Amino acid sequence: MRKYWFVFKVALSERLVYRTDFFIATFLRFTPIITTVALWGAVYKGADRKLIGNLTYGEMVSYYLVVMIVRAFGSMPGLASGIASDIREGNLRKFIIQPVNYIGYHLHVRMAHKSVYFIMATVPYTLVFWWCRDYLPGWPAASMWPACICTLLLSFLLGYLINTAVGLLSFWFLEVTSFLFIFMVSQYFLSGHQFPLTMLPDGLRHAITLLPFAYETFYPVMILLGKCDHVETMRVLAGQCMWVAVVAGVVAIGWKRGLRRYAAFGG
């Protein structure tokens, strides 16, 4: 494991080289929450309703605030496209001839990226949550903290594996840009990132929650907001574990069979 620890440290150092630029970019990612608060305020006022999707206005704002935290764990910008690029352009060959697992390598790189992100995002998170403190329901109960931490870590693993699986499609398709676009749009909608899935009709919501995307964002957000009791929380964690295992199996099979098709020439 020492080589992967070294990969983690090198990736961590690379992220810290341009820390000022990274901090500014991270800070600007929080500005849309201002328009989100104003938008939903107008929606609730125009609808003249206290509940939309079984959420009050304060709970709706809280939902989007917590989505930022959960998505910070589960989002993997550039991972699928980076893997596809390595396969398409032949850069994968350097990993094949080295004693390092390509999937494990990228996992530790992403762990380093997330570590730097949360360090840099401490100030923006603090400011945004302080500004919206009146909407927040408060800290989760002490008994729920282990479940909250587990659901965030599983969200990270699930997001990583799903993006890796999409990237591995490049073993079979020369150009995967269309797949990446469809994947990003579907994930944005089906994960509950765009809006709470409670706003959908019951039948459609139940169908969507059978997919892994809801376990990547929507359900973890519900747990952090205290909307799930202990039984429901255990069910969500079991669902996350199941999907992590399923997608990990897909990645393992895709990697093994993809290598049989892979060919790289030249220096």
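The chain holds 14 helices and zero strands, and the model is a predicted one.

User: Why is Thr233 called buried?

Analyst: Buried means under 20% relative accessible area. Thr233 has a relative accessibility of 1%, and therefore counts as buried. Its place is in helix H14, residues 230–261. Leaving aside residues up to four places away in sequence, Thr233 touches Met144, Ala147, Ile223 and Cys228.

User: What makes Val43 partly exposed?

Analyst: The class of partly exposed residues runs between the buried limit of 20% and the exposed limit of 50%. Val43 has 32% relative accessibility, so it counts as partly exposed. This residue lies in helix H3, residues 32–47.

User: How do you know that the span of helix H7 agrees with its number of residues?

Analyst: The expected span is 1.5 Å times one less than the number of residues. Helix H7, residues 102–120, has 19 residues and should therefore span 27 Å; its end C-alpha atoms are 27 Å apart, which agrees. At the start of H7, the backbone nitrogen of Ile103 has a side-chain oxygen of Asn101 within 3.0 Å.

User: How do you know that the radius of gyration agrees with a compact globule?

Analyst: For 267 residues, a compact globule would have a radius near 18 Å; the chain has 20 Å, so the two agree. Along the principal axes, the C-alpha atoms fill a box of roughly 65 × 45 × 35 Å. Buried residues make up 47% of the chain.

User: Which residues touch the most other members of the largest nonpolar core?

Analyst: They are Tyr63, Leu65 and Val221, in a core of 75 residues. Helix H4, residues 57–74, gives the largest share of this core, with eleven residues. Not counting residues up to four places away in sequence, Tyr63 touches Gly192, Phe195, Pro196, Leu197, Phe218, Val221, Met222 and Leu225.

Terms used: Residues are numbered from 1 along each chain as its sequence is written. This is a predicted model: local features need pLDDT of at least 70, side-chain atom pairs count only at pLDDT 80 or more; totals for chains, interfaces and linings use all residues. Side-chain values use heavy atoms; hydrogens and water are left out. A nonpolar core is a set of buried Ala, Val, Leu, Ile, Met, Phe, Trp, Tyr and Cys residues joined through side-chain atoms within 4.5 Å. Buried means under 20% relative accessible area, exposed over 50%, partly exposed in between (1.4 Å probe, protein chains only). Helices (H or I, at least four residues) and strands (E, at least two) are DSSP runs, numbered from the N terminus. Contact means heavy atoms within 4.5 Å. A polar contact is a pair of N or O atoms within 3.5 Å; within protein, one must be able to donate a hydrogen and the other to accept it, and residues adjacent in sequence count only if both atoms are side-chain atoms. The radius of gyration is taken over C-alpha atoms; the globule rule is 2.2 Å times the number of residues to the power 0.38.
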